[in-house]
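Please look through the following structure with attention to how its parts are joined. The explanation below begins with charged pairs and then turns to the domains.

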Amino acid sequence: MLKQYDVIIAGSGVAGLYCALNFPADKTVLVLCKENMEESNTDLAQGGVAAVLDLQEDSYDLHIEDTMIAGHRENDPVSVDLLVKEGPCDVRRLYQEFGVDFDKRPDGSLNATLEGGHCRRRIVHHKDSTGHEISQKLCAAVRQRSNIEIAEYSILYHLDRIDGGFFAHILQKDQAVVTAAPYVVLATGGIGQVYRYTTNSPIATGDGIRLAWEMGCRISHLDYVQFHPSSFAGGDTTTRQRFLISEAVRGEGAYLLNCHKERFMHLYDQRLELAPRDVVAKSIILESRRQADEHFYLDIAYKGEEFLKKRFPMIYEKCLASGVDMTKEPIPIFPCHHYLMGGIRVNTNAKTDIDRLYAAGECACTGVHGRNRLASNSLLEGLVFGRRAAQDICRKMHQGQFTPPPLPQPDNTHGAPLPKGMDTAINDIMQRASFVLPDMGAVREGLKTIDRYMARLKMGQFALTREYIETLSLATMAHIILKEIQAR
Ligand SMILES: Cc1cc2nc3c(=O)[nH]c(=O)nc-3n(C[C@H](O)[C@H](O)[C@H](O)COP(=O)(O)OP(=O)(O)OC[C@H]3O[C@@H](n4cnc5c(N)ncnc54)[C@H](O)[C@@H]3O)c2cc1C
């Protein structure tokens, strides 16, 4: 690692990588990632990317309207406009410049699909593993750029503001190191590990949001958490990371069934299975209360083996490995944590409240999603606002030379071992207090415990480890979420 870079980007998901690729070759960029480069929520994305690529069949206005309806019209209209109108250009770059292999029709045109909340088939995808395909292609492109250095297993845990930039404190494997840059982009992803069950990668602990909060940035709508209606609920139900049964399965016509294997969505919403995610997740919870039973299913077997194996090869294999053949029987599902709509408040150039500090992707709140994200708008947001962050930084970069003071000594990593079980206790509190339908009694009680944990984590002189950094982030996320629920 060098003593200084032009830009430090924390995160190698779609937002961080695409941001890095938008800097010219004469700018030195450091990309940090917690584990290997590919480990991210981006890599897990299944359904696809929403974009208006065919203006004869679709229109920007329709995509904007779908986004606003899903978001309960709490979306920021200016950001939505940018997302929808600029996004297609970024999506085209994915396949034209970086070689992303989206599925095509026999005539060679892109084979866009439908998902809940969309009124047109506008989701381009690579089978049912779109995120993996995008991640692989962007990682390969970044590796080829000589101006971009990648630091794997390198956790940004603290930022100091200095004149004209930042000192970045990084835990690299077990060693603390410090480097400097005039610009920092936080692209650290979501907060899934705050909840007991999540579709998210283990890296999703809200570190970037904690850093921004500690520095005094506004954090908006952290309680706008999306619970996906259909995580796989068969096989081993003790694992925390839940496999997602993509929205596209409902998009292709799957029926939602209750414990009696009967359709029930007509009792809750006239859009039936194609209602937006929050509506479907709430409907499942209300139906589970009505039936006093938590067994739910997605049934798409009627579409036939040939179609299902071709359209959903990964989901088919994963279900089969857990003993469920989706071509012959309904898939057991239940809602779980999936996505964060809120985050570090940024403007339309992805800039935070702090000069030279940017945030993009799931850790940022651009306002595009309002109270509920429309399916497949998230990869698109990472692309559009990751690029906008890079462009804004490039515009400002030539304003003055950055000469940082001498780097400080890296922190001592020694200290007391972290008490066991704090992270699971946080998960249990959050599951009780704020899973789909908040429980205000549990919010009040939970907040007291979380605040005790935060004080202990800060005062306890604990060893500087990944576990410590993540537990501090989880407690901070829980604190902000519960406070926001209380205030609402
Ligand atoms: C199962 C699943 C399916 C999904 N399907 C879709 C879909 O079909 N379409 C869609 O639009 N969206 C989908 N999403 C959502 C979408 O994948 C994510 O919102 C998006 O990929 C987030 O991208 P990101 O770049 O912000 O973060 P991520 O891709 O999560 O990347 C975060 C990066 O930050 C790094 N990091 C974290 N903390 C630190 C730290 N302290 N220091 C250094 N590095 C750090 C991580 O190592 C990682 O590299 C899905 C999500 C999941 C979980």
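**Salt bridges, overall form and a domain interface**

The structure holds 35 salt bridges, a salt bridge being a side-chain nitrogen of Lys or Arg within 4 Å of a carboxyl oxygen of Asp or Glu. This is a predicted model, in which local features need pLDDT of at least 70 and side-chain atom pairs count only at pLDDT 80 or more, whereas totals for chains, interfaces and linings use all residues. Residues are numbered from 1 along each chain as its sequence is written, and side-chain values use heavy atoms, with hydrogens and water left out.

Side chains of opposite charge can pair when their charged atoms come close. One of the salt bridges joins Glu 86 to Arg 387, with 2.8 Å between the closest N and O atoms. This pair links distant parts of the chain, since Glu 86 lies in helix 4 (residues 77-96) and Arg 387 in helix 11 (residues 378-397), 301 residues apart. In total the protein chain has 14 helices and 17 strands, which are DSSP runs numbered from the N terminus (helices H or I, at least four residues; strands E, at least two).

The C-alpha atoms of the protein chain fill a box of roughly 65 × 55 × 40 Å along the principal axes. The radius of gyration of the protein chain is 22 Å, which agrees with the value near 23 Å that a compact globule of 488 residues would have; the radius is taken over C-alpha atoms, and the globule rule is 2.2 Å times the number of residues to the power 0.38.

The domain assignment, automatic or from a database, gives domain 1 (7-223 + 341-397), domain 2 (232-335) and domain 3 (422-487). The centres of domain 1 and domain 3, taken over C-alpha atoms, are separated by 26 Å. In contact (heavy atoms within 4.5 Å) are 26 residues of domain 1 and 23 residues of domain 3. Between these two domains an area of about 2200 Å² is buried, 64% of it from carbon and sulfur atoms; buried area is the accessible area (1.4 Å probe) that two parts lose on being put together, summed over both. Val 194, Tyr 195 and Arg 196 supply 28% of the area that domain 1 buries against domain 3, more than any other three residues.

Between domain 1 and domain 3 there are 3 salt bridges. Arg 196 also forms a salt bridge through its side chain with that of Asp 428, at 3.1 Å from N to O.
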